[in-house]
Amino acid sequence: MVAETFIPNPDSLPEVNHISGIKFDCSVSNLEWVTTAANHQHARKNGLIKTGADSSRAKFTAEQILEIRDTCILGDKEYGIRPLAKKYGVGRSTIKRILQGKTYKNVEQDVDNSGEKS
């Protein structure tokens, strides 16, 4: 209501973005009219959308992602992509995308000061 009352919207943009990311700060200086895509981009850029293992829709925990990455041996009958997919009840492409870093990008190995994974 603040944006509708006090902020012009000459381009008829559909959404109001909270510039600071703080939803309860509805001051005029914290609001702007944006496209839906721009609103989502702002949220991702500022860490306002949970992704990967932090998402409420995640199929895996961070620990499971690390286990998959640490134990997978390509082509192995016990630790390959196919058995890991079966173990976790997902398709092989899901395991492949985890291994390629295409999904669960926010889950990283702990690295000590020497640069070695722990």
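**An aromatic cluster and the nonpolar core**

In the predicted model, Phe60, Tyr88 and Tyr104 form one aromatic cluster, where rings of Phe, Tyr and Trp (its six-membered ring) are paired if their centres lie within 6.5 Å, and planes under 30 degrees apart count as stacked, over 60 as edge-to-face and the rest as tilted. Residues are numbered from 1 along each chain as its sequence is written. Because the model is predicted, local features need pLDDT of at least 70 and side-chain atom pairs count only at pLDDT 80 or more, while totals for chains, interfaces and linings use all residues; side-chain values use heavy atoms, with hydrogens and water left out.

By this rule there are two aromatic pairs. The rings of phenylalanine 60 and tyrosine 88 are edge-to-face, at 5.6 Å centre to centre and with 70 degrees between the planes. Since phenylalanine 60 lies in the loop between α2 (36–45) and α3 and tyrosine 88 in helix α4, this pair ties together parts that are 28 residues apart in sequence; helices (H or I, at least four residues) and strands (E, at least two) are DSSP runs, numbered from the N terminus. For phenylalanine 60 and tyrosine 104, the ring centres are 5.7 Å apart and the planes stand at 80 degrees, so this pair is edge-to-face. Tyrosine 104 belongs to the segment after α5, so its pairing with phenylalanine 60, in the loop between α2 and α3, ties together parts that are 44 residues apart in sequence.

Both phenylalanine 60 and tyrosine 88 are buried, a term that means under 20% relative accessible area, with exposed meaning over 50% and partly exposed lying in between (1.4 Å probe, protein chains only). The relative accessible area of phenylalanine 60 is 4%, and tyrosine 104, at 12%, also counts as buried. Tyrosine 104 has a positive phi of about 55 degrees although it is not a glycine.

Lysine 59 is likewise found in the loop between α2 and α3, but at 65% relative accessibility lysine 59 counts as exposed. Leaving aside neighbours within four places in sequence, lysine 59 is in contact (heavy atoms within 4.5 Å) with Gln64, Val90 and Tyr104. The C-alpha atoms of lysine 59 and tyrosine 88 are 8.9 Å apart in space, although these residues are 29 apart in sequence.

The largest nonpolar core has 13 residues, and those with the most contacts inside it are Phe60, Ile68 and Ile95; such a core is a set of buried Ala, Val, Leu, Ile, Met, Phe, Trp, Tyr and Cys residues joined through side-chain atoms within 4.5 Å. At least two residues of this core come from each of α3 (62–71), α4 (81–88) and α5 (92–99), and α4 gives the most, with four residues. Not counting residues up to four places away in sequence, isoleucine 68 touches Phe60, Leu84, Tyr88, Ile95, Ile98 and Leu99.

Helices α4 and α5 pack at an angle of about 110 degrees, with their axes 8 Å apart; axes are lines fitted to C-alpha atoms, for helices over the stretch in contact, and angles run from 0 to 180 degrees between N-to-C directions. The angle makes α4 roughly perpendicular to α5 (under 35 degrees counts as roughly parallel, over 145 as roughly antiparallel, 65 to 115 as roughly perpendicular and the rest as oblique). Ile81, Arg82, Leu84 and Ala85 of α4 meet Arg92, Ile95, Lys96 and Leu99 of α5 in this contact.
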